[in-house]
Amino acid sequence: MRVEVDVPKCVASGQCVMIAPDVFDQREEDGIVVLLDEKPPAALHADVRESAVVCPAAAIRVVEE
Amino acid sequence: MTETLAETTTEAEEPLAAFPMPRAAGCPFAPAPAARALQGERPIAKVRLWDGSTPWLVTRHADQRALLGDPRVSANPLVPGFPHPNEGFRENAKRRRTFLGMDDPEHARIRRMVTAPFAIKRVEAMRPDIQKITDDLIDTMLAGPTPVDLVRAFALPLPSLVICRLLGVPYEDHDFFQEHSARLINMESSVEEVFRANEALTDYLDKLVTVKLADPADDMLSELAARVRAGELTQREAASMGVLLLIAGHETTANMIALGTVALLEHPDQLAALRETDDPKAVARAVEELLRYLSIVHNGRRRVALEDIEIGGETIRAGDGIVIYTGTGNWDAEVFPEPERLDISRDARRHMAFGFGVHQCLGQPLARLELHVVYSTLYRRIPTLRLATAIDQLPFKHDGAIYGVYELPVTW
Ligand code: HEM
Ligand code: SF4
């Protein structure tokens, strides 16, 4: 799995950080998403997919490889 | 208005259903039955509002998500066709503009001025403070007489204290701002009442911004004041944002605390499961489930189409109003099996109680934290908590933009 984030779309909802804190973080200055791990381990895949579903701004893309 | 009426009589044989739709007597938690029926029969259907306008009512989860996430859909109440909830909101929207009623890119630019304090980690750092506020309020309640109104004694002060600290608003003024906020979001308020409440709150925040300009502190109003000084916002805009944050920061969470407590007291097995768990993740699931089950922002997200949109076999035309009733979306069996069951162990994260799309709640990490602390503390510290009146005697906020109870007499 490869994760991509579309930073300009992010609205800093924090949903992804809540669900997958090892994969997503937020910038200190404005809470906008920071991708920590673009190739997360299999154990986190379900959480990453859920983050992409609940992201209100469609800013997370999951590419299954 | 005459035009709209003429158009609908030729378009539809049957008169359109009026929205908002009433909840069923004896079912204070369930979304309006007429809207649930539409979800099965005609999930995107025209309805009639107070002013005779006929926007689309959208009742299914998938369609709600699609439309709230669609850039062709506007949240700007100044766009013709916008489905205003009442006259007061319509008139006030002309005077008071906040990012809640703006579209991107303007919306994103302004929202980002206030996102930093709501980042998950910054909010999590407030946990000890929120726990202390919660414990102190419970201590005071336990030391006092019963029955007690849980709204006045606990549900309202808790988020008010928290948002006051975050913004830099003196809590001593709570009677003033709570009263005016309540008037501003009451659907029965007249235009004059809405104007007066809005002016009073904006003037109040305006004065506080002046104070913060001269004497900045570590709070959000001081950050907004710095933006005024830098020329990024006018002082009136900063004050309006302060009003939005102050109201959104206390009225919503307060209702989730009080109504959530009523719902749990009515589902003793769920309350027992919540009281007995030591697992913070189980409490977090309960928070999401109660948000889903209660969908307290119950007047529908209001939007207007900027272009023609094909969805679910219907064509929403440019200029058509759209009302997205998340109460039924959050009770959509396609996403939440047996939606009428309050089940604190289910995975309810796909609910839209905080909305969806770019306007999704800015304060959600804070609201979640407050509810997490409350739901894991209140029922443990007062294990015999119970209603001091019959549930059908409770004054439910049918007339509020945000659902809940005006009063909650409890005893233990
Ligand atoms: C349980 C409590 C809460 C609920 C259920 C709730 C619900 C909502 C909903 C449904 C929206 C979307 C409005 C729309 O799409 O038209 C929203 C937006 C918003 N909420 Fe909350 N909210 C809660 C707590 C808070 C708190 C604690 C704050 C903190 C200040 C807050 C601040 C805001 C703001 C500023 C917006 C506008 C965001 C934008 O337009 O970009 N809310 N909220
Ligand atoms: S869930 Fe989406 S909008 Fe929210 S912080 Fe993550 S990327 Fe941004």
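This is a predicted model: local features need pLDDT of at least 70, side-chain atom pairs count only at pLDDT 80 or more; totals for chains, interfaces and linings use all residues.
**Exercise 1. The iron atom**

Find which protein residue donates to the iron atom of ligand 1, and where that residue sits in its chain.

*Solution.* Start at the iron atom of ligand 1: it has a single donor from the protein, the SG atom of Cys361(B), at 2.3 Å. Next, follow chain B to this residue. Cys361(B) belongs to the loop that runs between α16 (326-329) and α17 (364-381) of chain B.

**Exercise 2. Positive phi in chain A**

What is phi of Ala12(A), and is Ala12(A) buried or exposed?

*Solution.* Read the backbone angle: phi of Ala12(A) is near 60°, a positive value in a residue other than glycine. Then place the residue, which is in the loop between β1 (2-5) and α1 (15-19) of chain A. Finally, check accessibility. Buried means under 20% relative accessible area, so Ala12(A), at 2%, counts as buried. For another case, turn to Ala58(A), where phi is positive too, near 50°. Ala58(A) lies in the loop between α2 (45-54) and β4 (60-63) of chain A.

**Exercise 3. Two packed helices**

Work out how α10 (174-184) and α13 (235-266) of chain B are arranged.

*Solution.* The helices pack at an angle of about 90°, and their axes are 10 Å apart. Angles from 65 to 115 degrees count as roughly perpendicular, so α10(B) is roughly perpendicular to α13(B). Now look at who touches whom: α10(B) contributes residues including Phe177(B) and Leu184(B), while α13(B) contributes, among them, Leu246(B) and His250(B). By class, the contact has five nonpolar, three polar and one charged residues.

**Exercise 4. A sheet in chain B**

Which strands stand at the edges of the five-stranded open sheet of chain B?

*Solution.* Write down the order, β1-β2-β8-β5-β3, with mixed pairing. The edges are β1 (44-46) and β3 (73-74); each has a single partner strand, so one side of each has no neighbour in the sheet. Further in, β5 (301-305) and β8 (321-324) of chain B pair in the antiparallel sense over four bridges. Arg301(B) stands opposite Ile324(B) in β8(B).

Note on methods:
Residues are numbered from 1 along each chain as its sequence is written. Chains are lettered from A and ligands numbered from 1 in the order in which they are written. Side-chain values use heavy atoms; hydrogens and water are left out. Donors are N, O and S atoms within 2.8 Å of the metal (3.2 Å for Na, K and Ca); water is not among the atoms, so sites may look incomplete. Buried means under 20% relative accessible area, exposed over 50%, partly exposed in between (1.4 Å probe, protein chains only). Axes are lines fitted to C-alpha atoms, for helices over the stretch in contact, and angles run from 0 to 180 degrees between N-to-C directions. Angles under 35 degrees count as roughly parallel, over 145 as roughly antiparallel, 65 to 115 as roughly perpendicular and the rest as oblique. Contact means heavy atoms within 4.5 Å. Ala, Val, Leu, Ile, Met, Phe, Trp, Tyr, Cys and Pro count as nonpolar, Asp, Glu, Lys and Arg as charged, and the others, Gly among them, as polar. Two strands pair if DSSP finds at least two bridges between them.
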